[in-house]
Amino acid sequence: IMEGLVGEAQEELKNSGKSAGRSTRKPISEFKVIQNIVPLTSDKSKFREWSRKLVNAMGQVDGKYESALMMIMKMADADSIPDLDQWQTVADNVMTNIENLAKEQFDKDLRNVLVEKAVGTVHTKVNNGLAKGGVYIYVDIYKHFTETSGLGLAAQALKLIQPDKVK
């Protein structure tokens with residue numbers, strides 16, 4: 001009888017160890033590094049710094065997240081696809097190239113962080129893109145903050161044509 005009980009206990013320990021190894025990760029909002037990201041405001045001058053900190057924090061949660069975000073930012077900077085509705089397909093293709101990236105989890109985590117961190121008018125942009133997912137929202141916000149308006153481009157061109165006088 002005693003040997004049977006010991007055998008059952010050992011079997012239970014083996015099985016509990018297996019299920020514990022498969023346990024899911026805690027929600028991304030519970031990671032200290034994510035909690036320490038400052039809110040995203042509508043201040044365009046602070047966006048690149050905020051974005052870099054987001055990429056770093058996401059990379060600490062999962063190293064593949066950093067690679068995925070860097071690829072997405074490069075695509076957005078290249079502006080190869082002007083229609084934002086095509087970005088999701090292109091982003092999916094890029095993320096497929098990152099081995100073992102859990103795309104659905106990445107999209108969900110990115111969406112959750114953006115919902116938590118966005119405030120003011122940026123939060124409205126986030127809410128408007130919720131149905132399309134985190135990648136779409138991030139690209140939309142990234143392009144919003146990094147694209148230069150037509151007036152801004154005209155001002156830059158004017159400065160090149162008529163530079164400030166040397167003092």
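The crossing of helix 7 and helix 8 is right-handed (a crossing counts as right-handed if the near helix is turned clockwise from the far one by less than a right angle, and left-handed if anticlockwise). Helices here are DSSP runs of H or I with at least four residues, strands are runs of E with at least two, and both are numbered from the N terminus. The model is a predicted one, so local features need pLDDT of at least 70 and side-chain atom pairs count only at pLDDT 80 or more, while totals for chains, interfaces and linings use all residues. Residues are numbered from 1 along each chain as its sequence is written, and side-chain values use heavy atoms, with hydrogens and water left out.

Back to that helix pair. Two packed helices are described by the angle between their axes and the distance between the axes. For helix 7 and helix 8, the axes come within 9 Å and cross at roughly 145° (axes are lines fitted to C-alpha atoms, for helices over the stretch in contact, and angles run from 0 to 180 degrees between N-to-C directions). On the helix 7 side, the contact is made by Val122, Lys125, Val126 and Gly129; helix 8 brings Tyr136, Ile137, Asp140, Ile141, His144 and Phe145. Contact means heavy atoms within 4.5 Å. By residue class, this contact splits into six nonpolar, two polar and two charged residues, where Ala, Val, Leu, Ile, Met, Phe, Trp, Tyr, Cys and Pro count as nonpolar, Asp, Glu, Lys and Arg as charged, and the others, Gly among them, as polar.

Lys125 and Asp140 also meet through their side chains in a salt bridge, at 3.6 Å from N to O. A salt bridge here is a side-chain nitrogen of Lys or Arg within 4 Å of a carboxyl oxygen of Asp or Glu. With Lys125 in helix 7 and Asp140 in helix 8, the partners sit 15 residues apart. Lys125 is partly exposed at 24% relative accessible area, whereas Asp140 counts as buried at 17% (buried means under 20% relative accessible area, exposed over 50%, and partly exposed in between, with a 1.4 Å probe and protein chains only).

The count of salt bridges comes to four. One of them joins Asp109 and Arg25, with the closest N and O atoms 2.7 Å apart. Asp109 is buried, at 2% relative accessibility, while Arg25 is partly exposed, at 33%. Glu66 and Arg52 form another, their closest N and O atoms being 3.0 Å apart. Glu66 belongs to helix 4 and Arg52 to helix 3, so this pair ties together parts that are 14 residues apart in sequence. Here Glu66 is partly exposed at 27% relative accessibility, and Arg52 is partly exposed at 39%.

Zooming out, the protein has nine helices and zero strands. Of its 167 residues, 31% count as buried. Among contacts between residues at least 6 apart in sequence, 66% join residues at least 24 apart.

Next comes the core. In soluble globular proteins, nonpolar side chains tend to be buried together. The largest nonpolar core holds 36 residues, and Ile34, Met58, Phe106, Leu110, Tyr138 and Ile141 touch the most other members. Such a core is a set of buried Ala, Val, Leu, Ile, Met, Phe, Trp, Tyr and Cys residues joined through side-chain atoms within 4.5 Å. Two or more residues each come from helix 3 (44–61), helix 4 (63–78), helix 5 (87–96), helix 6 (103–117), helix 7 (121–129) and helix 8 (134–146). Leaving out residues up to four places away in sequence, Leu110 touches Leu54, Met58, Leu69, Gly134, Val135 and Tyr138.

Two further buried residues round out the picture. Leu114 is found in helix 6 and is buried at 1% relative accessibility. Beyond its neighbours within four places in sequence, Leu114 is in contact with Trp50, Val126, Gly134, Ile137, Tyr138 and Ile141. Its C-alpha lies 9.5 Å from that of Asn127, 13 residues away in sequence. Ala68, in helix 4, is buried with a relative accessible area of 0%. Not counting residues up to four places away, Ala68 touches Met95, Ile98, Leu101 and Phe106. Ala68 and Val55 are 13 residues apart in sequence, and their C-alpha atoms are 9.2 Å apart.
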